[in-house]
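Hi,

Here is the structure I promised to pass on to you. Have a look at it first, and my notes follow below.

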Amino acid sequence: MTRNIVGCPVGGVDPEELCDASPLVMECHRMLIANREVYNLPRKWKICITGCKVWCPYPEINDIGMTAAVGRVNGASEIGFNVRVGGGLSTLPHFARKLNAFVRWNEVPLVVKTITEIFRDADVLRENRERARMKFLFTHFGWTEEKFEQELERRLGFRLLPAAPEEVPTDTFRDHVGVHPQKQSGYFYVGMSILAGRITGDQMLAVADLAERYGDGTIRTTNTQNMVLLNVPERNLETLRRELNRIGLLTDASPFRRGAIACTGKQFCKLSLTETKNVTMEIVAHLQTAIPEFDTDIKIHVTGCPNSCGQHWIADIGLQGGMAKLNGKPVEAYDFYVGGGTGKHATFTRRLKYKAPLPQVKFAVERLCRAYLAHRQEGESFHAFCQRHSDEELVAFLQGDTPTEELVPIPAEVVNPLHGQRQAQQLIPE
Ligand code: SF4
C-alpha cells in the first residue's frame, strides 16, 4: 500500500530550493493512491520527492527518493531528479541505492509508477512478510543498482540520462525550524519545534488562530514532527514568535529539543514495549537544565521496540526501549546506539554494550554529552566524535563512575506476543 508521498514543507517559498517539487508530489499521489493497478503491493511503500537542498524528507530511507539536481539535456542545463531506491529502517536498516539515472521533470510520474510496478511484480518479496520491502531485493535477492537500472529502462522502453552531480547535504538538522526569509520578498516562514511530536488540542487551535492572524493561514507539517507557518509578513514576526513561545511551541529551541524524535510508543502502538513520548520529554528537560551550554546540533531518537519508527538508526544517540529484569523485577530499560547520520555522513548507529534502566537513561546521555564537550576536537561534530571513539570508550563515557546495574533482558516476544508472531513469520522457509 502506498503511504502518503512526502515532499518539502517549504516547497515554493524556500529561497535555497532547486525547485518546488510539490506539484510532482501531488501528481504522483493522485496517480498511485486508490489505483487498482498498484493497490496490491507486497507491503508498505514510501516515496519522497523534494527540491530542497537539505533533503528534509530523507530520500536515503525511502523506497523511492527523488532529489532535485541540475543535469545536462541536449547541451543545456535542466532541473530534474536523481533517484534512489530501496531505503528503509526497521530491524534491518538499509540506505537507498543511488541509480545512475537523471529523471526529467515530465518523466517523474512515469518513472515512479514503473518502479512501483517493479515492486509489485517482485514475487520473491511475497514469500515472507518480513522480507517484503524493496530493500530486500538488494540485501537478500542479489539485485544491484545496474540490474535495477536495466529492469527500469526495459520497462520504460527508453534509456535514462546518467545521474546529475549533486551536493549531498551535511546538515544534522533537516527540520526547517526557526524564522527564515522566503523567496517572496518581505515574507518569512516560521518553523516551530514540537517536542516529541506531541501537541495538544488547545495548542492546535492556537496555532490555527495564529496562522490566520499573522500569516495567510497556511500551516505545514514536517518530517521531523514539527510545524511551519508560511507567508508571515516581517512586521508580524516578533508578535508571532512571542505568541508561539507562550503556548510552548518554540521557534528557537535548544539542540536537544530540536533533535528529539520519539515514535508512537506504548500509549497508542500495539507493538510497543515501552513508553516513548514522556521518556523523550524527560530526557530533553533534564539535558536542557543540566547542560544549558551545549552548543552542537544533536539528534536523540527514542523508539519503543526494534522496529525503529523513531529512526534510532540515523540518530546521534538512538535509544531502543525494551524490558529487563533488575533484581528480579521487570523494569523498562533502554539499549544505546550511537553515531548514526544521513547525507554526507550516512552511517547507521552502532549498538553499544550498554543498557540502562529508564531512570538512569537521562544521566547516561548527559555523561556522554559532557564527554563530548570535554574531549571534542576543534569543530568536531557529535557524529564525528562518535566515529573517532571506540565502542569501549563511548561505553565508559556513558557509564562514568556509576555502578553497573545487572540487567537481564526480557525477549521482546515475551513482553509483547505480537513480536513473537512476527518472528514466527520470519522463520517461514523460502
Ligand atoms: S518503533 Fe515499535 S513501538 Fe515505536 S511506533 Fe514503531 S512499532 Fe510502535
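Let me start with one residue, bearing in mind that this is a predicted model. Beyond its neighbours within four places in sequence, Phe 148 is in contact with Val 85, Leu 99, Ile 115, Ile 118, Met 134, Phe 138 and Trp 143.

Phe 148 also turns up in the largest nonpolar core, which has 39 residues. There, Phe 148 is among the members that touch the most others, along with Ile 49, Met 66, Phe 81, Val 108, Val 112 and Ile 115. Two or more residues of this core come from each of the helices H1 (22–32), H2 (108–121), H3 (135–139) and H4 (145–156), and likewise from each of the strands E1 (47–50), E2 (64–73), E3 (76–85) and E4 (97–104). Helix H2 gives the largest share, with 6 residues. Another core lies apart from this one: it has 34 residues, and Val 279, Val 284, Leu 319 and Phe 385 are among them. As background, nonpolar side chains in soluble globular proteins tend to be buried together.

Next, the ligand. Around it you will find Cys 263, Thr 264, Cys 269, Leu 271, Ser 272, Thr 303, Gly 304, Cys 305, Asn 307, Ser 308 and Cys 309. Sorted by class, this shell holds 5 nonpolar and 6 polar residues, with no charged ones.

- The largest cavity has about 70 Å³ of space. Its lining is made up of Tyr 58, Phe 173, Arg 174, Asp 175, Thr 224, Arg 258, Gly 259, Ile 261, Lys 299 and His 301, which divide into 3 nonpolar, 3 polar and 4 charged residues.
- The second largest cavity has about 50 Å³. Met 1, Thr 2, Leu 32, Ile 33, Ala 34, Asn 35, Val 38 and Tyr 39 line it; by class, that lining has 6 nonpolar and 2 polar residues, and no charged ones.

Finally, a word on the second largest pocket, which holds about 310 Å³ of space. Of the 17 residues that line this pocket, Leu 18, Lys 53, Glu 166, Glu 167 and Val 168 lie nearest its centre. The lining as a whole divides into 10 nonpolar, 2 polar and 5 charged residues.

Best wishes

How values were computed: Residues numbered from 1 in each chain as written. Predicted model: local features only at pLDDT ≥ 70, side-chain atom pairs only at ≥ 80, totals over all residues. Heavy atoms only, no water. Near = heavy atom within 4 Å. Nonpolar A, V, L, I, M, F, W, Y, C, P; charged D, E, K, R; others polar. Core = buried A, V, L, I, M, F, W, Y, C linked by side-chain atoms within 4.5 Å. Buried < 20%, exposed > 50% of the residue type's maximum accessible area, 1.4 Å probe, protein only. Helix = DSSP H or I, 4+ residues; strand = E, 2+ residues; numbered from the N terminus. Contact = heavy atoms within 4.5 Å. 1 Å grid on protein atoms, 1.4 Å probe; cavity = no way out; pocket = protein on both sides within 12 Å on 5 of 7 lines; lining within 4 Å. Points joined across faces, edges and corners; volume = space filled by probe spheres on them.
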